[in-house]
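Trainee: Could we go through this model together? I would like to begin with the overall picture and then turn to the details.

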Amino acid sequence: MEEFLKVTGVGKTFGAVRALNDVNLLASKGECIAILGENGAGKTTLASVLIGLYQPDSGQIVLDGVQISVTSPAAAIEHGIGMIHQHFSLVDAMTAEENILIGLPREKRGPAARARIRQLCDDFDFTVDFNVPVAKMAVGMKQRVEILKALFRDVSILILDEPTSVLAPTEVAPFLQGVRKLVATGCLVFFISHKLDEIREIADRVMIMRHGRVEGILPVASTPMAQMSALMMGQADADQPTEKPNTKEMRLDTTRAAKALVVSDVSLTTSSGAEILKEVDLTLHAGEILGIAGIDGNGQTELSEVITGLKRQTSGTILLGDKEISSSSIAARIADGIGFVPEDRHAEGLVLSLSVEENFAFRSIGEDKFMSGGMISRRAIGKIAEDAVKAYDIRPSNPKLNASALSGGNQQKIVMAREVARARNLLVVVQPTKGLDVGATQFVQDQIRAVAQSGVGVLYISTELEHVLEISDRVAVMAFGRITGVVNPQNTTLQNIGLLMTASPEEVV
Amino acid sequence: MNSLVMQRRVAVALLLALTVGGFLILFDGHNPFAAYKVLFFESFLNYWGFSNTLVKASPMLLAGLAVIIPMRAGVFNIGGEGQIYIGGLFGTVFALAAPDLPAVLGVPLIFLAAAIGGALWAAIPAYLKAYRGTNEVIVTLLMNFVAIHIVSYAVAGPLLAEGAPYPYSKEVAEAYRLPIVMPRSDAHAGFVFGLSLALILYFWLRFTPSGFQLDLVGRNARAAAYAGVDQKKTIIRAMLIGGSLAGMAGAIEVIGLKYRLFHLFSDGYGYDGIVVAFLAALNPIVAPLTALFLAGLSAGAGTMQRAIGVDSSVIEVVEGLVVVFVAAALVAPRSSSKSILKNLLIGGLFGRQKHSKKKEA
C-alpha cells in the first residue's frame, strides 16, 4: 500500500481530558476511511487537528513523505486537506458560485472558474441550482455546494463530519454515490459517522475510536457489525445482553385511551402567503407515541411550534385533553404540562451561558418548586438539578458548570430531563436523536417510552425514519404541510412511507 | 467565563491601563508614581477630595445602572444622558409646582416625577426597538441632543429664574434638598440612594422570576421565547427601568447638588454610565465600586494637574484606555493559558472571539 498520509503518535489534551491519545494512522489515496466512535471519542478532535483548528500536543503528520505542520485551516487547504462540517459555513445571501469562489484572487474567479464548477458538478452528478442564493436551497444542496467548494480548491483529503445527519432519507443515497465517485478519482475521504449501515456501504476501512484512542483500523468488508459496535462501546458494554422487551406488544391498545391532543384543521400561512401547514388533523391518545415522519422542511417543525405555542396557527383548533388551547400563551401551555424538546437545542432549548442547574429551571422559573417565600430558591433549583444529573448520568456531574462546558449529548440530556419532568399531559420531541451516538440514542428512546408508559401522549417528530418506525405506535407522514397518511409501523412498508413522504401537493388533495 | 475569572481579568485590565497611562505621564515629563499618588490620595483619602468623588459618583452610579438593566435584556441604552436631562426637568417642574409639601412626601415624589420623565424619554426608543426593530443605539444617542436642548429651552424660557445672569431655574424649596452625608462638604445622600438601588436590582435579577426572565432575553432571545417570555415587553420593561434610573440621576443633580435646574447641568454622566456598566461587567452590585473608581479618576484629575502639572487630559486618556482594556478583558480567550496577562492579550486584544453569537442574535 502506497502511504499518502501518515499520522504518528498524535495526542491532544484539553485541561484534564485526553481528547486524543497516541493516535496512529496510515492511509493511501483513493480510500474511504470511516471514523466510528461514541460522542466524545475524539473523532472531531482528530479531524480538527488534521485541518489545523487545533495544534496537537505531540506526534507528527506526514503527507506524501513530507512532514507538515498544519497551523490553520488556510494552511490545511494549501496542503489539500478540506473538511465539511456538520454546520455549514456558507454565506446565505450568496449563490453557489459566489460561495465556491469566495476568498479567491480575482484572476481565479473568471469564466474559466465558472466552467470548471459546472464541470465538477457533471463529474460527480451533483445537482446544484446556480440561480438562487444558498438561503433558498435544501440542506442536501447546501452540502453539495460545500463539497464543491472543497473540490474546487483541489483537496486530496476530504473530511466529512457526520454528513448524512442533516440529510433527508432520500438524499442519502445520491450523496453516498457522490462520495464514491470522489474516492474513485483518488481522493482520500474520511467519513465520520456513527451509522454502521452507511459505513458498511461506503467505507473501505473503519477506524474505531474510544476515549481518544484508536481501538482498531479494520477492513469493513470482513468485519462483522457486531465487532465494530463492540469495539466502539468497549468490550464490557458489549457483553451485556442487548435484547429489549418489545414494548409495543406489551402496551395496551392506546386508541381506546383518552385523547391527549386533538389538532383539528390547523393551517399556518406566512405573511408572504406561503402555506406552511394545511388543514392538519391529528389525534394523539394518552400513553401513545405518535411519530411524525417526513423529509426535513415539510412543516414538521412548524407543527411542533404551533402545538407548543411558539407560533400561532392561522386557523384551526387545538385541544389538550378536553381543554382548548388554540390561543393560549406559551407560558400557559407550559403550566398545562406540555413538555417540548425543540430541534435546535443549542440555540433554543438551552442557555449556554447559564449554569446546568439554571438550565433546568429557566423555562418555568416562577413555578412553586423553584421558589421559596416569593423568591427564586437557588437551593431548590440546585437540588432538582442534582437529582436529574444523577438520574440521567449527565457528565461532568457538576450542575454549577456552564451548560456550554458539556458535550452535545449531555446538553441534549438536560433538555430531555427537563421536558420529561414537565410533561404531565403531552411531550413534543423534535429530532431528539440528531447527532447522538448509539448509546445516547438508546437512552433517549428509553426515556420517551417510559414517559408514554406513564400515560403521557408523545408526539415524536423526526427525519430519522428508522427511529420513528422503531418507537412509534402510529406514524403520521407529512409532505408539503399536510398529513399525507397515518400508518401502523408494524404492517407498512418503507416503500409505502416513501410514497407518502414524497406525495406531491396535487396528489394529496 | 465565571465571574471570578472575569473580575481577575478586569483587575489586570485596569492595571494595564494605568501602566500605559503612566508612560504617557512619563513622556509628558513627570513622575507617574507621584502623579498617581496625588490622584488617588486626593480623590479617596482626602476628606474634601473624597466628598467630591462621592458627588460625582452618585449620578455615575445611577447612569451605570441605567445601562446595565437594558443591556442585561440585550438592549444598549446609550441615552442615559438625555434621560438624565428629562428626569431633571420633570423633577424640577414638580418641585417648583409643589413647593410646600413636607420633605418625606416631596422628595420621593420628586424622584418619582424624575423617574417618569426618564422612563417616558426611554419609552420612545424602547417602542421603536421592540415593535419596529429600529436600532436603539442610534435613537437613544440622537435623542440625547434633543433632551439637552429641551432643557436649555426650558431654563432659558418658561423656567428662567427672575434676574438670572445665566439660563437656570428658580431654586427648589430648601426642604427638598438631599441630606449631606459628610458635614460641611457637598457630599449628599445620592450615592447611598444609588447603592440601595444597586442592591435591589442585584437581588431582583438574581432572585425574582421577572428579573431572571429579563436576563434570559439578553442571554438568548430564542430560548427566552421558548420559555414563554415576551421579548417585546421585556425590552420595553428594561428600557423603562433604565430610563427611570437615569431620570433619578437627574433629580439627584438638582435636589442634591445645584438646587436649581441649569442649562447643560450634566457633564456627560450618561456616557460615564456606559463605562461604569462595562467596568462592572454588567453586575449591578459591582457598579457602586466602578462608579467610585471612575468618579475618583475624574475628581482627582484636576488636583493632579494643580499639584504636579500633568495635564488633566491625560486622565481622560487613561479613562479611554480603561474602557479599551476592560472591553478586551471581557472577550473570551481563544485558547486558555494560566497567565491572565497572556489570556488578555491573545484573547481580548489580538485574538478572535471564540464563540460566534450569530445564532443567538
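Predicted model: local features only at pLDDT ≥ 70, side-chain atom pairs only at ≥ 80, totals over all residues.

Trainee: How many bridges join S4(A) to S5(A), and in which sense do they run?
Mentor: Three bridges join S5(A) to S4(A), the latter covering residues 58–63, and the two strands run antiparallel.

Trainee: Which sheet has S4 and S5 of chain A in its order?
Mentor: They belong to an open sheet of four strands with antiparallel pairing, ordered S2-S1-S4-S5 in chain A. Its edges are S2 (17–27) and S5 (66–68) of chain A, each of which pairs on one side only. Neighbouring strands in this sheet are turned by 30° against each other on average, with direction ignored.

Trainee: Which helix lies across S1 and S2 of chain A?
Mentor: Helix H1 of chain A, residues 43–50, lies across S1 (5–14) and S2, and runs at about 65° to S2(A).

Trainee: Now the other sheet, please. What is the strand order in the open sheet of six strands?
Mentor: In chain A the order is S16-S19-S20-S13-S21-S22, and the pairing is mixed. The edge strands, each pairing on one side only, are S16 (338–341) and S22 (482–487) of chain A. From one strand to the next, the twist averages 20°.

Trainee: In which sense do S13 and S21 of chain A pair, parallel or antiparallel?
Mentor: Parallel: S13(A), residues 289–293, and S21(A), residues 474–479, pair over four bridges. Within that pairing, A:Gly291 stands opposite A:Val475 in S21(A).

Trainee: And what does helix H17 of chain A touch?
Mentor: Helix H17, residues 438–453, packs on the sheet and touches S13, S19 and S20 (457–461) of chain A. The direction of H17 makes about 150° with that of S20(A).

Trainee: Where does H16 of chain A lie?
Mentor: Helix H16 (residues 408–422) lies across S16 and S19 (426–430) of chain A, and runs at about 165° to S16(A).

Trainee: Let me ask about S14(A). Which residue is the bridge partner of A:Val262 there?
Mentor: A:Leu319 is the partner. The strands concerned are S11 (residues 259–269) and S14 (residues 315–320) of chain A, paired in the antiparallel sense over five bridges.

Trainee: How many bridges join S14(A) to S15(A)?
Mentor: Two bridges join them, and the strands run antiparallel, with S15 of chain A covering residues 323–324. A:Leu320 has A:Lys323 as its bridge partner in S15(A). The hairpin of S14(A) and S15(A) has two residues between the strands, and A:Gly321 in this hairpin takes a positive phi near 65°.

Trainee: Which residue takes a positive phi just after H4(A)?
Mentor: That residue is A:Asp125, with a phi of about 55°. Helix H4 itself has 14 residues, 111–124 of chain A, and reaches 20 Å from its first C-alpha to its last, close to the 20 Å expected at 1.5 Å a residue.

Trainee: Back to the overall picture. How many helices and strands does chain A have?
Mentor: Chain A has 20 helices and 22 strands. The C-alpha trace of chain A spans about 70 × 55 × 45 Å along its principal axes, and 44% of the residues of chain A count as buried.

Trainee: And how many helices and strands does chain B have?
Mentor: Chain B has 14 helices and zero strands. Its radius of gyration is 21 Å, close to the 21 Å that the globule rule gives for 361 residues, so chain B is as compact as a globular protein of that length. Of the residues of chain B, 51% count as buried, and its C-alpha trace spans about 65 × 60 × 35 Å along the principal axes.

Trainee: Finally, the interface: how many residues does the contact take from each chain?
Mentor: The contact takes 20 residues from chain A and 16 residues from chain B. On the side of chain B that touches chain A, the elements giving two or more residues are helices H8 (209–219) and H9 (221–226) of chain B. H8(B) provides the largest share of that side, five residues. The residues on this side of chain B divide into eight nonpolar, four polar and four charged.

Conventions
Residues numbered from 1 in each chain as written. Chains lettered and ligands numbered in written order. Buried ≥ 20, exposed ≤ 12 C-beta atoms within 10 Å, placed from the backbone. Expected span 1.5 Å × (residues − 1). Contact = placed C-beta atoms within 7 Å. Nonpolar A, V, L, I, M, F, W, Y, C, P; charged D, E, K, R; others polar. Pairing = 2+ DSSP bridges. Axes fitted to C-alpha atoms, helices over the stretch in contact; angles between N-to-C directions. Rg over C-alpha atoms; globule rule 2.2 N^0.38 Å.
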